[in-house]
Amino acid sequence: GVLAGVGRAAAPGSGSGAGTAAGAGPFGLSAGLTLAQVRGLVGKDNVSETKEADVYKCTKVPKPHSQFDTFYLVIDGKRGLVKMRAASPVIQTSGYGNEVEAAFKSMREQLGGAYGSARDRDLLDPHALTKDRKYWMLHLKEREQRLDSLWDESTGATLKNRLVSVWLEARALHSDEGQIILDYVFEGFQERLDELKAKEARNL
């Protein structure tokens, strides 16, 4: 789900939505925005609920990018916007995955220019049955092949606008269809996860 993913605890009290102007964050969406504020920025017809609690799907953002057409926002009731996922349109490819890899590398270069140093991973599981490149998409779908990049404090990334991490990943939907996923985690997301886990634990 959208709620899973990278993230680190922010400093105490940093989850408040005060002090961040709309438009300062990625795609023109800032940490701490409320659902009402997001609807005001993009138009309420472009925001819909999902099956996941506090996760909203957006088909429009204030500052669009040609490689992404769908956005998922985690908007916490207390903290506002704490996480955002951007998804590319489906990329048609072959088993070799050249088009998916090229789209990933293009975005990796752009993000590197914006956020600096990253931890890059382009790995095939050594236990994979075959290492033949023509099965690259199959390996990616089975999570035997990983192609992703992470920007956070540990990589020395230049993060601003209350960002905790940025994560880019290539995914295979089928052997001939892929997608690029881009996650932004803001301050307050880790506290949200901790609260949800504690709430569940009390149900045991």
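Q: How many residues does helix 4 have, and how far does it reach?
A: This is a predicted model, and in it helix 4 covers residues 189-201, which makes 13 residues. From first C-alpha to last it reaches 19 Å, close to the 18 Å expected at 1.5 Å a residue.

Q: Which residues of helix 4 are buried?
A: Phe189, Gln190, Glu191, Arg192 and Leu193.

Q: And what do the buried residues of helix 4 pack against?
A: Three strands: strand 3 (70-76), strand 4 (80-87) and strand 9 (177-186).

Q: While we're there, where does Lys78 lie?
A: Lys78 is in the loop between strand 3 and strand 4.

Q: Buried or exposed, that Lys78?
A: Exposed, because its relative accessibility is 61% and the cut-off for exposed is over 50%. Also, the C-alpha atoms of Lys78 and Gly188 are separated by 9.4 Å, although the two residues are 110 residues apart along the chain.

Q: Let's switch to helix 2. What span should helix 2 have, and how far apart are its end C-alpha atoms?
A: Helix 2 runs over residues 98-115, so its 18 residues should span 26 Å at 1.5 Å a residue. The end C-alpha atoms are 25 Å apart, which agrees.

Q: Which of its residues are buried in helix 2?
A: Val100, Glu101, Ala103, Phe104, Met107, Leu111, Gly112 and Tyr115. For a bit of background, residues three or four places apart in an α-helix point the same way, because there are 3.6 residues a turn.

Q: What covers the buried residues of helix 2?
A: The cover includes strand 5 (91-92), strand 6, helix 3 (136-141), strand 7, strand 8 and strand 9.

Q: What happens just after helix 2?
A: Gly116 sits there, with a positive phi of about 80°.

Q: Strand 7 came up in that cover. Why is strand 7 called largely enclosed?
A: Because seven of its eight residues (the strand is 145-152) are buried, the rest of the structure largely encloses strand 7.

Q: How many bridges join strand 7 to strand 6, and how many to strand 8?
A: Six bridges link strand 7 with strand 6 (residues 119-124), and the two run antiparallel. Strand 8 (residues 163-174) is joined to strand 7 by five bridges, again antiparallel.

Q: New topic: pockets. How much space lies in the largest pocket, and how many residues line it?
A: About 200 Å³, with 14 lining residues. Pro26, Phe27, His65, Leu111 and Tyr184 lie nearest its centre. Helix 2 and strand 9 are the elements that give two or more residues to that lining, and helix 2 has the largest share with four.

Q: What's the lining of the largest pocket by class?
A: Nine nonpolar, four polar and one charged.

Q: Which residues line the largest cavity?
A: Leu140, Arg143, Gln145, Arg146, Leu147, Glu169, Ala170 and Arg171. Strand 7 and strand 8 each supply at least two of the lining residues. By class, the cavity lining has three nonpolar, one polar and four charged residues.

Note on methods. Residues are numbered from 1 along each chain as its sequence is written. This is a predicted model: local features need pLDDT of at least 70, side-chain atom pairs count only at pLDDT 80 or more; totals for chains, interfaces and linings use all residues. Side-chain values use heavy atoms; hydrogens and water are left out. The expected span of a helix is 1.5 Å times one less than its number of residues. Buried means under 20% relative accessible area, exposed over 50%, partly exposed in between (1.4 Å probe, protein chains only). Contact means heavy atoms within 4.5 Å. Two strands pair if DSSP finds at least two bridges between them. On a 1 Å grid over the protein atoms alone, a cavity is a set of points where a 1.4 Å probe fits but cannot get out, and a pocket is an open set with protein on both sides within 12 Å along at least five of seven lines; lining residues have an atom within 4 Å of a point. Grid points are joined across faces, edges and corners, and a volume is the space filled by probe spheres set on the points. Ala, Val, Leu, Ile, Met, Phe, Trp, Tyr, Cys and Pro count as nonpolar, Asp, Glu, Lys and Arg as charged, and the others, Gly among them, as polar.
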